[in-house]
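Hi everyone, thanks for making time this morning. Let me put the structure up, and then I'll walk you through a few spots in it.

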Amino acid sequence: MVRLSVLDQSAIKKGGTAREALQNTVKLAQVTEDLGYHRFWISEHHLETLGHSSPEVFLPHIVANTSTIRVGSGGVMLPHYSAYKVAENFRLLEALYPGRIDLGVGRAPGGIPLATAALQENKQRGGENYAQQIEDLVHYLTGSSNKHHRFRGLKAMPDIPTVPELWLLGSSGGSAGLASGQGISYAFAQFISGQHGGPVVKQYRDRFQPSIIQEQPQALVAFFLVCAETDEEAERQATSMDVQFLKIARGETGEGIIPPEEALKYEFSPYERQYIEENRKRVLIGSPETVKRKIIQLADEYGTEEFMLASMGYDFEDRVKGYQLLAEAFAEK
């Protein structure tokens, strides 16, 4: 049985505002909850075309305006922060909304080099002690029971009986190995690299070591999504994302996502067309029947039942419609 979840990045469209993007994220959480989606994650990206960069601040608002859907970070970029403080933030959220909080963490900087330099000012180079940070996070989230920890006796508050669901995000075998060795859940981000991660997820499952966090491996895979009534309409909408990715690759991110009508007029060079074709490995595009067929095939290739989908189109109503059409396709007997 396939389980569908949502990742939203609060992308700002051309002519739009950050406030509008944030309001749409909350609306999308409410809509996808009603449609039966399992999780709703938000990202940390330090880019001017995205509405926020602080999932730990935005999450409480989303959880408070929904009722049942799991809500989490996809993810907190851990090298920028103290594992102890991250654990405290998410234990507090778990105390307020028990059984609904996911803590997804990643190693990537999540932004331009200038932002990374500002975030890590006066710190050692980010990422060098990432494995230790993951171990620390498990320690603090589970009640600081490791008597040999260098900060033994220090508890991340509040002291509660439940634990946020911990996920390690990645797009490589290194992240999978760390997740399996620490005994935590793993989210493979094909929407980031375009690399097919079936072998990576299999490696994670095969090498998983049960931990105080969980007994069994748990994995999901994330893609961008463009779903519409027909394959042709989905392709039309996808042109906005094609141009946006090209601009990001060139460092031209200022104006936001452009409408399909404008994107269709873009004259692509042969190199750009090749780049777009390669980039499409990150995106599921088509009618609900087409996308459903692709997901079922990928579920077999990945050996996983959960897919996290990030729709980044220009028109919010088109994005909502895409999630609705896909949920209805999977609800059909």
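E328 counts as partly exposed, at 40% relative accessibility. By that I mean the band between buried, which is under 20% relative accessible area, and exposed, which is over 50%, using a 1.4 Å probe and protein chains only. Before going on: this is a predicted model, where local features need pLDDT of at least 70, side-chain atom pairs count only at pLDDT 80 or more, and totals for chains, interfaces and linings use all residues. Residues are numbered from 1 along each chain as its sequence is written, and side-chain values use heavy atoms, with hydrogens and water left out.

E328 sits in helix α13, residues 316–331. Helices here are DSSP runs of H or I with at least four residues, strands are runs of E with at least two, and both are numbered from the N terminus.

Now, further in. How many residues of strand β4 are buried? Six of the six, across residues 101–106, so the strand is largely enclosed by the rest of the structure. I101, L103 and V105 point one way, while D102, G104 and G106 point the other way. β4 runs parallel to strand β3, residues 70–77, and six bridges join them; two strands pair if DSSP finds at least two bridges between them. In that pairing, S73 stands opposite L103.

β3 also holds G75, and the peptide bond joining G74 and G75 is cis, with omega about 0°. Another cis bond runs from M157 to P158, and P158 is in the loop between α5 and β5.

Let's turn to charges. A search of the whole structure finds 21 salt bridges, each being a side-chain nitrogen of Lys or Arg within 4 Å of a carboxyl oxygen of Asp or Glu. R39 and E306 meet in one of them, at 2.7 Å from N to O. That pair links distant parts of the chain, with R39 in strand β2 and E306 in strand β9, 267 residues apart. Are these two buried or exposed? R39 is buried, with a relative accessible area of 0%, and E306 is buried too, at 0%.

E261 forms a salt bridge with R236, the closest N and O atoms being 2.9 Å apart. Here E261 is in helix α10 and R236 in helix α9, 25 residues apart. E261 is partly exposed at 47%, as is R236 at 26%. Finally, salt bridges that share partners join R3, R39, R70, D102, E165 and E306 into one network.
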